[in-house]
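Me: I would like to learn how to read a structure of this kind, feature by feature. Could you take me through one, giving the general idea and then the case at hand?

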Amino acid sequence: MEEHIQKRDGYTYYLTNIDCLRTSTEFNVVMDLDASIQELMPYLAACLPGCNYVHGSDVINLMESGHIVGIYPRQITMTMVKGMEEAERLCREFFERIQDADRRKDTITPVYKKRSTLGVLDILRALPKTNCGDCSSPTCMAFAAQVFRREADISTCSPFMDEIEKHGDLLQQMRAHGYSVPTSAG
Ligand code: SF4
């Protein structure tokens, strides 16, 4: 369900319910850009600490204050937004960052491949993505973000633990970053 489509100078945004969770009080925000930022993406990636970007993939991923953000040439998506007020602020801030990168383009060294050593998406990738809710988080995405922020322990996800032997690499990487991980793996 799309709610309250808002037009601003340079972009439009709206909230959507989190898929499979119509009763959720948190939303995803979709921000449609009036103009493509495809050419700017290597410069923007250079300005976003901790982002993942591979030139040609046309997507920059990052974790920003608990939101999983996907930046595409004509669209930006952000998860776990509480309402219009937060969506307005986040969209404005991202649009300002785009404008700032564009203004400073001549002084920025573009990156064509950038990968943080451990990101929330690495954690999310290892989860079943069934949004079963057994871990008390509304979605696997929310749980991945909590684990990344060290607010939850990955061992709380029983389906993950059932297949723990498949995730030795991730657990080893998490351990290297100081996370507490189940001792039976890695
Ligand atoms: S218990 Fe695991 S599979 Fe279920 S919602 Fe939580 S993270 Fe997702």
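**Reading the model**

Reply: Threonine 183 belongs to the segment after α6 (168–176), and its C-alpha lies 9.4 Å from that of leucine 171, 12 residues away in sequence. The model is a predicted one, in which local features need pLDDT of at least 70 and side-chain atom pairs count only at pLDDT 80 or more, while totals for chains, interfaces and linings use all residues. Residues are numbered from 1 along each chain as its sequence is written.

Me: Which residues of α2 are buried, and which are exposed on the other side?

Reply: An α-helix has 3.6 residues a turn, so residues three or four places apart point the same way. Helices are DSSP runs of H or I with at least four residues, strands are runs of E with at least two, and both are numbered from the N terminus. In α2, the buried residues are Ala87, Leu90, Cys91, Phe94, Ile98 and Ala101. They lie on the same side of α2 because they cover an arc of only 100° around the axis, the arc being that of the directions from the helix axis to the C-beta atoms. On the other side of α2, Glu85, Arg89, Glu93, Glu96, Gln99 and Arg103 are exposed. The cover over the buried residues of α2 includes β2 (11–17), β3 (27–33), α1 (41–47), β6 (67–71) and β7 (75–81), where contact requires C-beta atoms, placed from the backbone, within 7 Å.

Me: How many residues of α4 are buried, and what do they pack against?

Reply: In α4, nine of its nine residues are buried, among them Cys140, Phe143 and Phe148. These buried residues pack against β5, β6, β7 and α3 (120–126).

Me: Which residues come nearest to the ligand?

Reply: A residue is near a molecule if its C-beta atom, placed from the backbone, lies within 6 Å of it. Of the 14 residues around the ligand, Cys132, Cys135, Cys140, Phe143 and Cys157 come nearest, and both α4 (140–148) and α5 (158–162) supply at least two residues of the shell. By class, the shell has nine nonpolar, four polar and one charged residues; Ala, Val, Leu, Ile, Met, Phe, Trp, Tyr, Cys and Pro count as nonpolar, Asp, Glu, Lys and Arg as charged, and the others, Gly among them, as polar.

Me: Where is a positive phi found in a residue other than glycine?

Reply: Most residues other than glycine have a negative phi, and most peptide bonds are trans. Aspartate 58, which is not a glycine, has a positive phi of about 60°; it sits in the loop between β4 (52–54) and β5 and is partly exposed, with 14 other C-beta atoms within 10 Å. Methionine 80 has a positive phi near 55°, but its place is in strand β7, and with 20 C-beta neighbours inside 10 Å it counts as buried.

Me: What are the domains of the chain, and how many residues does each give to the contact?

Reply: The domain assignment, whose bounds come from an automatic or database source, gives domain 1 (2–114) and domain 2 (120–176). The contact takes 12 residues from domain 1 and 10 residues from domain 2.

Terms used:
A residue is buried if 20 or more other C-beta atoms lie within 10 Å of its own, exposed if 12 or fewer, and partly exposed in between; C-beta atoms are placed from the backbone. Two residues are in contact if their C-beta atoms, placed from the backbone, lie within 7 Å.
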